[in-house]
Amino acid sequence: MTTGSRTETLPLHRGAGRDVRLLSTSCTACGYVDFPPQSYGCRRCGTHGDELSHAEIAASGTVLMSSEVHSHPDRSLAVPFTVAIVALSAGPVVRVTMRDTTPVRRGDRVAGVIVPAEAAATAEAETDAAAGTPAAAQLRFARIED
Ligand SMILES: [Zn+2]
């Protein structure tokens, strides 16, 4: 988490390099795992309150689909980049940004990796650089071999 003029957001992941865990909630009543973590209630059974516990899940899963982005309304983002819809091994389905522009296909195994902000080439990183503060590292995904 960073301080300053940027909007504060809850950290959604922990770790460094390839050792990345996603912060989630888990329903102790039915076992449903939700990402990002939330406190409204279990999406499967409706249980709420103390029945929802915080959990860390592996940032790895299987690609359901992917797309290469060649144009983005935020002109400060470097294109092209690849986004993918990933079914995490723990259950949640998430949209991720791939570290590389190498295409990924349905069924490919991928995992989260923390990359330096300059490699992520985001508007957020440029904002940090302009403010003279260290830019935050970014979570990206990369193909892995099983
Ligand atoms: Zn539940």
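**Exercise 1. Work out what share of the chain's contacts between residues at least 6 apart in sequence join residues at least 24 apart.**

Start with the rule: two residues are in contact if their C-beta atoms, placed from the backbone, lie within 7 Å. Now take the contacts between residues at least 6 apart in sequence: 51% of them join residues at least 24 apart.

Before you go on, note that this is a predicted model, where local features need pLDDT of at least 70, side-chain atom pairs count only at pLDDT 80 or more, and totals for chains, interfaces and linings use all residues. Numbering runs from 1 along each chain as its sequence is written.

**Exercise 2. List the strand order of the open five-stranded sheet, then find its edges.**

Strands here are DSSP runs (E, at least two residues), numbered from the N terminus, and two strands pair if DSSP finds at least two bridges between them.

- Step 1: the order reads β7-β6-β5-β8-β9, with antiparallel pairing.
- Step 2: β7 (93-97) and β9 (138-143) each have a single partner strand, so they're the edges, and one side of each has no neighbour in the sheet.
- Step 3: zoom in on β5 (residues 60-69), which pairs with β8 over three bridges, antiparallel. There, G61 has V110 of β8 as its bridge partner.

**Exercise 3. Say which residues F141 touches, leaving out those up to four places away in sequence.**

Just apply the contact rule again. You get A84, V86, V96, M98, R99, V110, A111, G112 and V113.

Notes:
Helices (H or I, at least four residues) and strands (E, at least two) are DSSP runs, numbered from the N terminus.
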